[in-house]
Structure formats: C-alpha cells, structure tokens
Amino acid sequence: MKKELPLEEDSLVLSQDVKTGLILVDVVNGFCTVGAGNLAPMKPDKQISDMVEESARLARLLCERKWPVFAFLDSHLPDIPEPSFPPHCIAGTDETRLVPALQWLENEPNATLRCKNCIDGFIGSIQEDDSNLFVDSVKNNQIKTIFGSVLLTFSGP
C-alpha cells in the first residue's frame, strides 16, 4: 500500500501555541460496530477497534483542552440509494450514531457533528444557504492544524 499510496507518517505533538482540530470521519456504528449493519464488521476487527480506541483517546485530549472536534456521520434517506453500496446508515437508526466509545461527543460543547448523505464530507457540509459547516467550523475556531481519524475499507484482493 505504501508504494501505491505514499503517505507520510510523523509524530504529532500537540502544542498550546497552535490550535488543533480533530476530524472523525464515519466512526459510526454502521461501519465500526460488529453486526450493526450491512457495512459493519461481521466479527471483531482489531484494526477497527484500535482506530476507535485511538479516536476516543484523541477526542478526549482535545476536548479537555477545549479544542474542536468535527465528526462526520454517514446518514442516508431510505428512499435514496447510494450506488454501489447496499442500504446502510439509514437516517434515524443506530447505524448513524457514533460508536459507543464516542457517543459522549453528542453532548460535548467543543464537538460539531454533521450528518452527511454522501461519500464526500465537504459536499455533505453544504447547507441550504450555500455556506459550508465544515469550512465555517475551521474558520470560526481559527484552527491551524487538522488531523483526523478515518476508517478506510477496501474490498477485493
């Protein structure tokens, strides 16, 4: 994977001098909780549980510092399919909720949760007045560094 997708890995040092934000992308039951839906794991998966644990740890750390956390939540209307995926994360179901380890963010003043009805969180953050909730959050919080926790799933060989 490193050959095809050359990502740079580095240590992250959180400094009070630079306002930092955390982005959580689709760390919801429908993708991460065993048996919670069509795209959820069917059995415990160490990579997913490690990612959830680290996401919760980082979210707590940032919230203790009163720094922002932005969480994208996959959420689809039942009558609007998302090809080529089976029905998943239907609005109003537990599939769309953050995993149990992160549900405390629902009441966290430093957290912004955004239900998105498409793959792209940026597009899913466009509001009726054409503003963008994600962009506004970065600007309003004067964030200089962003890091994230993203669940990547691959199918096929």
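## How to read this model

Helices (H or I, at least four residues) and strands (E, at least two) are DSSP runs, numbered from the N terminus. The structure is a predicted model, in which local features need pLDDT of at least 70, side-chain atom pairs count only at pLDDT 80 or more, and totals for chains, interfaces and linings use all residues. Residues are numbered from 1 along each chain as its sequence is written, and side-chain values use heavy atoms, with hydrogens and water left out.

## A tour of helix H2

Let's start with H2, which covers residues 46-64.

After H2 comes Lys-66, which has a positive phi near 65 degrees.

Several H2 residues are buried, among them Ile-48, Met-51, Val-52 and Leu-58. Here buried means under 20% relative accessible area, exposed over 50%, and partly exposed in between (1.4 Å probe, protein chains only).

Side chains of opposite charge can pair when their charged atoms come close. A salt bridge is counted when a side-chain nitrogen of Lys or Arg is within 4 Å of a carboxyl oxygen of Asp or Glu, and the model has 5 of them.

One joins Glu-54 to Arg-57, with the closest N and O atoms 2.6 Å apart. Both residues sit in H2, 3 residues apart, or about one turn of the helix. Glu-54 is partly exposed at 35% relative accessibility, and Arg-57 is partly exposed at 46%.

## A network around Lys-116

Salt bridges also link Asp-26, Asp-74 and Lys-116 in a network. Lys-116 pairs with Asp-26, their closest N and O atoms being 3.2 Å apart. Lys-116 lies in strand S3 (residues 111-116) and Asp-26 in the loop between strand S1 (20-25) and helix H1 (29-32), so this pair ties together parts 90 residues apart in sequence.

Asp-74 also bridges to Lys-116, again with the closest N and O atoms 3.2 Å apart. Asp-74 belongs to strand S2 (residues 69-74) and Lys-116 to S3, so the pair ties together parts 42 residues apart in sequence. Lys-116 is buried at 1% relative accessible area, Asp-74 is buried at 2%, and Asp-26 is buried at 12%.
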